Amino acid sequence: MRRAQPRSIMSPDRKPGSLRTQPIQSRAEARVAAIVAGVDAVIVADGIDSLTTTRVARAAGVSVGSVYRYFPDITALLEEYIERYRAALAEQAAAFLEDPPTLDDVEAVSAALIQRSADMLLKFPAFALVRLWRYPDSGELLAAPIRQQETAMIKLLLTSDPMLSPAENDVDRVTDMLIETSMTLLALAPREPEERAVYVADVVTMISAFIRAKAATTG
C-alpha cells in the first residue's frame, strides 16, 4: 500500500500521483472536489470506519464509477483529503507567518493557534478523525507530516519568549497537550457563527490559562 510522502505545510505544490486520473477540465476538478467533500460528509455523519466508496459516491452525488476513475481505493481518497488539507494549511500558514502574534500576549498566541485550527476544521470537519488514521500495514499516521509541522510552529511560539515558555523538558509534552486538547474541543464546536465564536473564545481562555500556569511553575 502506497504511503504519503512527508511534505512541508509551507509548500503549496500538489503531491504527484495522489490521483489515479488528474482532472484537467474545471468540471472534472469540481467532481473530484465533490468526492472529497463526500469524505467529509460520510465521516462526520458516521465515523471513519463507515467510509466506503459507495457511501462517498452517494454523498457526492456521483456514480461509484466516477469515484474509481480518480481513486483506486479508500486509502487514496484519504490521501487526497489530507493533501487538500495540507494545501489549504500552506496558504493559511503563509499569511500567519507574515503577521505573527505578539509573543508577550498569551491570549494573542493562544488565539492565533486556536483560530487557525478552528478555521481549518470549518473547511475540513472530518480532519479531527482523519488525522488519527494509520496505514494498516505500517501503523504510520497518514497525517504525520502535518502533525510535525504543527508541532514545530507551536514550539516556535512557545519558546520564543522566556516569560511565556514552559521548562525545556516540558515543551514536548505541553505541545502535544495543546494540539490534542484544542483539536478535541474544536471538533465539538457548533457551526452556527455566533455560538462558534463564543465557544472558540472559551477554548482560547482555557489554553491561555494552561500556558500561563506552566510558565508560572517554571518562572
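**Loop, cavity and rings**

Asp-49 is exposed, because its relative accessible area is 79%; here exposed means over 50%, buried under 20%, and partly exposed in between, with a 1.4 Å probe and protein chains only. Before going on: this is a predicted model, where local features need pLDDT of at least 70 and side-chain atom pairs count only at pLDDT 80 or more, while totals for chains, interfaces and linings use all residues. Residues are numbered from 1 along each chain as its sequence is written, and side-chain values use heavy atoms, with hydrogens and water left out.

Asp-49 sits in the loop between α1 (26-46) and α2 (53-60). Helices are DSSP runs of H or I, at least four residues, numbered from the N terminus. Asp-49 and Trp-133 are 84 residues apart in sequence, and their C-alphas are 9.9 Å apart in space. Trp-133 is buried, since its relative accessible area is 17%.

Rings of Phe, Tyr and Trp (the six-membered ring for Trp) pair if their centres lie within 6.5 Å; planes under 30 degrees apart are stacked, over 60 edge-to-face, and the rest tilted. By that rule there are four aromatic pairs. In one of them, the ring centres of Tyr-81 and Phe-124 are 5.6 Å apart and the planes are at 90°, so this pair is edge-to-face. Tyr-81 is in helix α4 and Phe-124 in the loop between α5 and α6 (127-130), 43 residues apart. Both Tyr-81 and Phe-124 are buried. The pair of Trp-133 and Tyr-135 is edge-to-face, at 5.4 Å centre to centre and 65° between the planes. Tyr-135 counts as buried because its relative accessibility is 1%.

What does a search of the whole structure find at 30 Å³ or more? Two cavities. A cavity is a set of points on a 1 Å grid over the protein atoms alone where a 1.4 Å probe fits but cannot get out, and lining residues have an atom within 4 Å of a point. The largest cavity has a volume of about 180 Å³. Its lining has 15 residues, and the closest to the centre are Leu-113, Ser-117, Ile-154, Ile-179 and Ser-182. α4 (74-98), α5 (106-123), α7 and α8 (171-186) each supply at least two lining residues, and α5 gives the largest share, five residues.

Last, α7 itself, residues 144-159. Among its buried residues are Met-153, Ile-154 and Leu-157.

Conventions
Expected span 1.5 Å × (residues − 1). 1 Å grid on protein atoms, 1.4 Å probe; cavity = no way out; pocket = protein on both sides within 12 Å on 5 of 7 lines; lining within 4 Å. Points joined across faces, edges and corners; volume = space filled by probe spheres on them.
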